[in-house]
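Q: I'd like to learn how to read a fold from its strands and helices. Could you walk me through one?

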Amino acid sequence: MSGDKTSKTAKQGSMQTARLMIQGTSSNVGKSVLAAAFCRIFYQEGYQVAPFKAQNMALNSFITRSGGEMGRAQVVQAQAAGLEPDVRMNPVLLKPTGHTGSQVIILGKSQGTLSALKYHGEYQRRTWPIVEKALHELLEENEIVVIEGAGSPAEVNLKQNDIVNMRVAMEAQAPVLLVADIDRGGALASVVGTLELLEPEERQLVKGIVMNKFRGDIKLLQPALDFLEERTGIPVVGVVPFYDQFKIPEEDSVVLEEQYSKHHKEKSRADTLDVVVIRLPYLSNFTDFDPFEDEPDVNLRYVREVAEVGQPDCVILPGSKNTLSDLRFVWDSGLGEKILELWQENVPIIGICGGYQMLGKVVRDPLGTESDLVEMNGLGILPMETEFAFDKHTVQSQGKVIGTELFFQRCQGTEITGYEIHMGRSRGEGQPLFAIEAQEETYGDGLLVGSAFGTYLHGIFDNDPLRTAFLEWLWERRGIQRPVGKTTSQAAIREQAFNELAEWVRNSMDMEKVRSIMGLQKGSWS
């Protein structure tokens, strides 16, 4: 009874807060980016605004200052809103560990791995009070909350245990903008079909339709927009033109396909450094390598097969959500032998988190925390052994470069920041590369042998001085003294991207209509 009373009080207090929910006709229609845009638009107008997504499924996560793990999309949205990321903005995070199971993270802490069948039953119903509490706390503390849905609200097989789409909209009494990706085709049918499958009380909350990723002359689209409004009785409040130049971190590795083809086409020149990332089946935190996308002298490639590797300037083994399964993929695909061959040729090999573990002698998972694989031999490059434990190490880290070999000598003493997300505990021999401070602990991180090195630090290349030293060293390995082109800092690039995105969406949306839908009084924005 006390829980019901608290919820009712929270609802009464939070009704003063404006709210807006972004739902989609399917996954990957641009909900996360549009939510980030609205967060920045309202932030620019002087509001205290926060993002919220009840449940996220993604391998690209982030660690908050308090050590909690949350989805990258809500981190980006929080940054767009000028806020420190908070796990309440994404109270439930699912990190797939296989085809039918996921690690479940509640309010930033891992609860173990569950099958999809078990999660979508009783366990998911038990998470609703946690979602409800987080939602109302954010509504209490902010002037505007921008809420994001997941996938489609019309998945009839999942609606019974829904905690992320229309149940959230109903709980918050949030007006919904339904977004369709017009670039992929079938947008009109997907909008009409989605609305047809909603319950009447759910449909009443849909106050606007947005066509996203539009290419062409809007005059040719107008008859379709008129049809939608006449058929549904819901206004089209925006047609957002297709644009892919925003430097904003992505959440889902599905974007790597189009990013790769575009980037490779534009930057496949002889005067660029060829940086190869192994595209692991369970690749996580691929945004670690976004800084290379912003370097004019770097061609970043993701590869799955030996034939694609070529003779790169360096090879990176990235993070993984299922290290042993991905290590088996590396061996079975022949990439393991190729990496060893390149290392013996003195090509730099880099391991980040799970990739760092793979560079060691052996990886063990006796408790089955990630898969049914118990032990596998690593690449044997680094003198290190890793064993998985049930508890997860999640911290934001800061420290200094203390390595003395390769390019580390030229940036020795430089301050660095990053974050760690791993269940493995590694024991190795050798001088660490970084002296780390995190949660009142001090410890060494990273190992180096020959031209290979690894670290547990995600975001290591976001550190501008270290990245610059690394790239200049790669040029010197070619026998070229070539200063790296001075790029804007990653923080400045991000801020500029948020402002560009806000302007792009603001100019494509009937913002007066959106504000009216939200109940924002005219004159309360600049």
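A: Gladly. Two strands pair if DSSP finds at least two bridges between them. Keep in mind that this is a predicted model. Here, Gln23 has Leu178 in β10 as its bridge partner, and strand β1 (residues 18-24) pairs with β10 in the parallel sense over four bridges.

Q: How many of the residues of strand β11 are buried, and which strands does β11 pair with?
A: For burial, the cut-off is under 20% relative accessible area. Strand β11 (residues 206-214) is mostly covered, with eight of its nine residues buried. On one hand, β11 pairs with β10 in the parallel sense over six bridges; there, Leu178 has Ile209 in β11 as its bridge partner. On the other hand, five bridges join β11 to strand β12 (residues 236-241), and these two run parallel. In that pairing, Asn212 has Val240 in β12 as its bridge partner. Between the two strands the chain passes through α8, and this β-α-β crossover from β11 to β12 is right-handed.

Q: How are two packed helices described?
A: The description uses the angle between their axes and the distance between the axes. Take helix α6 (residues 187-197) and helix α8 (residues 218-232): they pack at about 10 degrees, with axes 11 Å apart. Angles under 35 degrees count as roughly parallel, so α6 and α8 are roughly parallel to each other. Leu188, Val191, Val192 and Leu195 of α6 make the contact with Ala224, Phe227, Leu228, Arg231 and Thr232 of α8. By class, the residues of this contact are seven nonpolar, one polar and one charged.

Q: At what angle do α2 and α16 pack?
A: Helix α2 (residues 31-44) and helix α16 (residues 490-506) pack at about 95 degrees, and their axes are 8 Å apart. That makes α2 roughly perpendicular to α16, because angles of 65 to 115 degrees fall in that class. Among the α2 residues in the contact are Val33, Leu34 and Ile41, while those of α16 include Phe498, Leu501 and Val505. The contact of α2 with α16 has nine nonpolar, two polar and three charged residues.

Q: How many residues of helix α3 are buried?
A: Count the residues below the burial cut-off. In helix α3 (residues 72-80), nine of the nine residues are buried, so this helix is largely enclosed by the rest of the structure. The buried residues include Arg72, Gln74, Gln77 and Gln79. Just after α3, Gly82 takes a positive phi of about 75 degrees.

Q: Which residues other than glycine have a positive phi?
A: Look at the backbone angle, then at the place in the chain. One of them is Gln173, with phi near 50 degrees, in the loop between α5 (166-172) and β10 (176-181). Gln173 counts as partly exposed at 44% relative accessibility. Leu406 also has a positive phi, about 50 degrees, although it is not a glycine. Leu406 lies in the loop between β21 (384-401) and β22 (415-428), and is partly exposed with a relative accessible area of 26%.

Key
Residues are numbered from 1 along each chain as its sequence is written. This is a predicted model: local features need pLDDT of at least 70, side-chain atom pairs count only at pLDDT 80 or more; totals for chains, interfaces and linings use all residues. Side-chain values use heavy atoms; hydrogens and water are left out. Axes are lines fitted to C-alpha atoms, for helices over the stretch in contact, and angles run from 0 to 180 degrees between N-to-C directions. Angles under 35 degrees count as roughly parallel, over 145 as roughly antiparallel, 65 to 115 as roughly perpendicular and the rest as oblique. Contact means heavy atoms within 4.5 Å. Ala, Val, Leu, Ile, Met, Phe, Trp, Tyr, Cys and Pro count as nonpolar, Asp, Glu, Lys and Arg as charged, and the others, Gly among them, as polar. Buried means under 20% relative accessible area, exposed over 50%, partly exposed in between (1.4 Å probe, protein chains only). A crossover is right-handed if, with the strands pointing away from the viewer, the path from the first strand over the helix to the second runs clockwise.
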